[in-house]
Amino acid sequence: MSHPDPYGSTEPRGWDRPAPALPWPDTDLEPGPWRPAPAAPTHPTEPGGYARPGAAPDTYAAPDTYAGPDTYAGPYPNSGRRHDGPGRYDGPPAGDRGRPDGPEHRGPWGEPARDDEYPTAQIAPVRDEPTDQIPAVRDEPEPEPPPGRRGRGRRRASAERPPTTTPTTSRAGRNLPAAIGVGVVLGAAVVVPLFFFMPAFMAVLATAVGIGIWEMARAVRRSGAHPPLAPLVAGGVITVGLAWFAGPDALCLGLLVTVLGTMIWRLGDGPGNYQRDLTAATLIAVYVPFLAGFAAMLAAAPGDGHLRVLVTLVAVVLSDTGGYAAGVSFGKHPMAPTISPKKSWEGFAGSVTAAAAGSAVLLWVLFDVAPWWGALFGMAISVSAVLGDLAESMIKRDLGVKDMSNLLPGHGGLMDRLDSILFAVPVAYLLLAVFVPVVS
C-alpha cells in the first residue's frame, strides 16, 4: 500500500493504480497489453529505469510515470510535482527548494544524500567582497643590470663608440659608398704605375691574374672539381709575361704551357675525377690569364701603350656607370632574367650610349681618330663588357655563388670587377690595331 503524497495528493502512487485513459488520442502512449519487463539494471544509474523495492522480479517501473493532468509521480518517494497541464510545471514547493534534505537532494530510494555525492552542498556561498579594501597594484620598476654589464641585444653608444647603423645599399644591391671608395683605389693602383712606371703596371696585372685564378679555383670546388692551384697560378703569370715580351704568339704558347703543366701536375692525384678537374683548369687558364694577356700586349705597344690601356679602361668604366645609372632610373624590362635579373634593356642602352659618347671624344683627342670611329669603338667595348659580365654571372649561377669572394667591399671578389675588362681587352686590341696603327 502506498503512502499518501506529502505534497497534497491523497491518491496512491503511480505504480499502485491503473493508468487512466489519456485525454488526447495518441496511439503511441495508449496502454497496451501487459508484457514482462526486462531485468532491472544492477546499478541504479544505468539507463533503462529502476526496479521498485519489493516488487516481483518480472515487474518494471518506468523512471517517470504520468499520473494525470494534476500530479506528476516519479519513482522516488516524496517526489510529487504539481503539474497543471501538459505545458506547465511549477516545480517543488517553495519550502523544499534549496534544502539539502529536499527531494532534489535525496538518493534514488529516498535516503538522505551523502556529502561525497553532492560536495557543493556544504560549500559556503560566495559573497561579494567590497573592492575598496583591496590594495592597489603598483607598477614595480624593472631591476637595473649590474654595473659593467649590458642587456642582451643592446649596445651602448658613447662619444668613442657611436650607435650601430645598418649600411645603406643601393637599388642594385651594392653598398654604394664602399663600392665608390674601392673603385677609386683600384683605379689609382692601375693608372699611377701605368703612366709613371710600366714594369709596376705589369706587376699589378700579374697580381690581379693570380688573385683571379685563386678565386675561380675556389669557386669551382663547389661543383666537385679540384683544379690544381699551383700550376695554374704559375702558368698564368708566365702567360702574361710572355705576352708582354713577345706578343700574340708567345701568349698562345703560354696558354699551352699552362694547360700541359696542369695535366702533368694532376697525374699525381690519381685517375679519380681527372677529366672534370682538367676541364675546370682549362676553363680557368683561358678565362683569366689568356684574356688578361691582351691587356699586357696593349701596354707593350711602343709609344702609346699606356694610352691604349687608358681608353679601354675608360670605355669599360663609362659602360658600367651608364648602365648602372640608366638601369636604376629607368630599368623595367629584364635583359636576361635567368642569368642576371638586375640587368635591363634600359641599362644596356645607357651603357652603349655612355661608352660611345665618351670614346668618341677620347679617341678624337688622344689619337686624332674620327668621332664616329671612336663611337663605334665605344659601342663594341660596351657590348663586350656586358657579355663578359653576363658570362661570369652564368658561371656563378651554375656554381650557386653570389660573388666569387668577399675580398673587395661593395664589389665582391676581384673577378667581379675583372669580368667586363677581360672580355673587353681582346676587342680593344683588335680595333685599336685597325683604327690606330702601331708607330714603330
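The model is a predicted one, and a search of the whole structure finds six salt bridges. Among them are a pair formed by R308 and D304 and a network in which shared partners join E392, K396 and D416.

- Within helix α8, K396 and E392 are separated by four residues, which is about one turn of the helix, and the two form a salt bridge whose closest N and O atoms are 3.8 Å apart.
- Through the partner that the salt bridges share, E392, K396 and D416 are joined into one network.
- As for accessibility, K396 and E392 are both buried, and D416 is buried as well.

**The R308 and D304 pair**

- A further salt bridge brings together the side chains of R308 and D304, at 3.1 Å from N to O, and both of these residues are buried.
- Side chains of opposite charge can pair when their charged atoms come close.

**T262 in helix α4**

- T262 is part of helix α4, which spans residues 248-266, and its relative accessibility of 2% means that T262 counts as buried, the cut-off for that class being under 20%.
- The side chain of T262 comes to 2.7 Å from the backbone oxygen of T258.
- Leaving aside residues up to four places away in sequence, T262 is in contact with P228, P231, L232 and A281.

**G400 in the loop between α8 and α9**

- G400 is located in the loop that lies between α8 (371-399) and α9 (415-435).
- With a relative accessibility of 51%, G400 counts as exposed, because that class begins over 50%.
- Although G400 and A219 are 181 residues apart in sequence, their C-alpha atoms are 9.1 Å apart in space.

How values were computed. Residues numbered from 1 in each chain as written. Predicted model: local features only at pLDDT ≥ 70, side-chain atom pairs only at ≥ 80, totals over all residues. Heavy atoms only, no water. Helix = DSSP H or I, 4+ residues; strand = E, 2+ residues; numbered from the N terminus. Buried < 20%, exposed > 50% of the residue type's maximum accessible area, 1.4 Å probe, protein only. Polar contact = N/O pair within 3.5 Å; in protein donor to acceptor, adjacent residues only side chain to side chain. Contact = heavy atoms within 4.5 Å. Salt bridge = Lys/Arg side-chain N within 4 Å of Asp/Glu carboxyl O.
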